[in-house]
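Here are my notes on this model, in the order I would go through them on screen. Have the viewer open while you read.

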Amino acid sequence: MQEYSDLSVLLIDPSQHMRSGLHNMLGQLGITRIEHGVSAGTAIRLLEKKAFDLVFCEYDLGNEHGQDGQQLLEDLRHHKLISPSTIFIMLTTEGVYSKVVSAAELTPTDYILKPFTVDVLAQRIARAVDRRGALLPIHQMIERNRLREAILSSEVAAAANPRYATECARLRAETHTALGEVPQAEALYREILETRPLGWAQLGLARCQFQQGQLAETLDTLQRLIDDNPKYMAAYDLMARTQQALGQPAEARAALEAAVSISPHMVRRLRHLGQVAMQAGDLEAAEKTYRQVVAKSRYSEFRDPEDHVNLVRALVQKGDAHGAANALRELERSARSGPATDACKAFSAALVQDLNGNGAALHAELANAVRAASEADGLSSALRLGLAEHCLQQGMDEQGMQLLDALAGDPVSGISEADAAAVYERAGRPELAQNQGDSVERYLDGLVRQAAARSGQGDQRGAIEVLQVAVRRRPGNAGLISALAAAMLRLMGDSGWESALGEQCAALLIRMRKADPHHPMLAALSSQYVTLRGKQ
């Protein structure tokens, strides 16, 4: 079949006999660009190197650590190793299918029940290729971050392909969410649910409610979802986050423990459970959970050296110096080298030295950790906050303030100035928060002057870049927002309308209206935006 000859395929199955049989079937359909993965690990390494159009994955991967095909799919999506347009078909038995089909949020493109014939395989591939073709323009717009065009593409695709209208609506809702338009996404999820009680739509509605601070409503929606689908794992995760936000740590822990009892091999969920146990002061449970995390991720392609730091921290707080030292040695033996690992090793060593009362060694290891963290990508904000707090507790003010300043100034860290101030309080150094605030204000004043200088020299794009840094640092400051919006409008007035810049400017004006609806520049900037938008 010539229409399939260009498809590249990855087969993931530990059984050579099953791979060979499927390989031969695909060959009968004209598909010859086929590679094999004998395990989740080998498949991941292949997908890190190249993209495939079509992935066939056996549900039961025979992994001694328990990962199945569904969990592999979730890891691949989470780490963006397969694109949304990749066709992912799960091969499974009828008994397994009946257990997993209603429970997973991230579903495969299709399931094929074993045993199957070449004709069944051909039908399923044809259906998957047709679906991919219908949704591909939407996925391409999303991957290029052209989100407004993605919404339009989803409406066009739904009209042209009514059988995929629900999937188009899902993509449209997710895109509205990505744009920060949560009420529009909520309306779409409610519209979908009026037709069918789909689990992913219930979860989407709950996420919209959570983002809008409607925490009681979120719990109600999630409880209904769990009542309908007791094995819908993502519902438990969001329920725990919601209960944490409501100040209900015991309930959050119970939700995560229920999820772990159903699906004990998802490392990200175990990490969350360990975090909740640590916050509750249950060091025995935290140690037990983090040991599970370390054990389950030891042979994973996605292992994280921070797991060892968390285990060391739990053991140190228990006063178990021997156990903490052993966990540190395990980290030194097993983790891949690199700045992130070096930072985790040094921070863990600092915690052990602190427990042993070795002040000089403690300071040296904290300094090593800060140095490595400054060069590392991928370290969590939580680890950096913990490192900053320990530095401040030990009188290493410059290092601690440096870490907190970098976090508060990073728009993707999720750390606000208030979060940084809380660290100063916990470390017993509240006076430094005011010093830091004064320093930030001087820094922002300098940015504004720098932007004005660039604008005066005719470098409007340079001025915009500088002001964007300032706005990221003070996202609710209407004065900074107005300066940035004015710079964008000035550039487009001189050089012509730019869609991406126009979208950013519109979002800024909305934020400005929320921050200060009576700001003296708001009406003039809004009018200028409308005028320029009309001339495009």
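1. A quick word on terms before the helix pairs: axes are lines fitted to C-alpha atoms, for helices over the stretch in contact, and angles run from 0 to 180 degrees between N-to-C directions. Keep in mind as well that this is a predicted model.

2. Start with α24 (residues 478–495) and α25 (residues 499–515), whose axes come within 9 Å and cross at roughly 150°. Angles over 145 degrees count as roughly antiparallel, so α24 is roughly antiparallel to α25. The crossing of α24 past α25 is left-handed.

3. Which residues in α24 and α25 meet? On the α24 side you'll find A478, I481, S482, L484, A485, M488, L489, L491 and M492. Facing them from α25 are L501, G502, Q504, C505, L508, L509, R511, M512 and A515. Sorted by class, that contact of α24 with α25 comes to 14 nonpolar, three polar and one charged residues.

4. Stay with α25 for a moment, as it comes back in the second largest pocket, where it gives the largest share of the lining with eleven residues. The volume of this pocket is about 1200 Å³. It has 33 lining residues, and R148, L179, E503, Q504 and A507 are the closest to its centre. Q504 is also one of the α25 residues that meet α24.

5. Which helices each supply at least two residues of the lining of that second largest pocket? They are α6 (147–160), α23 (460–473), α24, α25 and α26 (522–535). Next pair: α7 (residues 165–178) and α8 (residues 182–195) pack at an angle of about 160°, with axes 7 Å apart. That angle makes α7 roughly antiparallel to α8, and α7 passes α8 in a left-handed crossing. From α7, the contact takes in T166, A169, R170, R172, A173, E174, H176 and T177. The α8 side brings V182, Q184, A185, L188, Y189 and I192. Those residues divide into seven nonpolar, four polar and three charged.

6. P339, D342, A343, A346, F347, A349, A350, Q353 and D354 make the contact from α17. From α18 come A361, L362, E365, L366, N368, A369, A372, A373 and E375. The class count for α17 with α18 is twelve nonpolar, two polar and four charged residues.

7. How many cavities of 30 Å³ or more does a search of the whole structure find? The search turns up one. The largest cavity holds about 40 Å³ of space, and its lining is P84, S85, T86, I87, T109, A128, R131 and R132. Helix α5 (residues 118–143) gives the most to that lining, with three residues. By class, the lining of the largest cavity has three nonpolar, three polar and two charged residues.

8. Two backbone spots are left. The peptide bond from K114 to P115 is cis, with omega near -5°. P115 sits in the loop between β5 (110–113) and α5, and α5 is the helix that gives the most to the lining of the largest cavity.

9. The other spot is K80, in the loop between α3 (69–78) and β4 (87–92). Phi of K80 is near 55°, a positive value in a residue other than glycine.

Methods. Residues are numbered from 1 along each chain as its sequence is written. This is a predicted model: local features need pLDDT of at least 70, side-chain atom pairs count only at pLDDT 80 or more; totals for chains, interfaces and linings use all residues. Side-chain values use heavy atoms; hydrogens and water are left out. Helices (H or I, at least four residues) and strands (E, at least two) are DSSP runs, numbered from the N terminus. Angles under 35 degrees count as roughly parallel, over 145 as roughly antiparallel, 65 to 115 as roughly perpendicular and the rest as oblique. A crossing is left-handed if the near helix is turned anticlockwise from the far one by less than a right angle, and right-handed if clockwise. Contact means heavy atoms within 4.5 Å. Ala, Val, Leu, Ile, Met, Phe, Trp, Tyr, Cys and Pro count as nonpolar, Asp, Glu, Lys and Arg as charged, and the others, Gly among them, as polar. On a 1 Å grid over the protein atoms alone, a cavity is a set of points where a 1.4 Å probe fits but cannot get out, and a pocket is an open set with protein on both sides within 12 Å along at least five of seven lines; lining residues have an atom within 4 Å of a point. Grid points are joined across faces, edges and corners, and a volume is the space filled by probe spheres set on the points.
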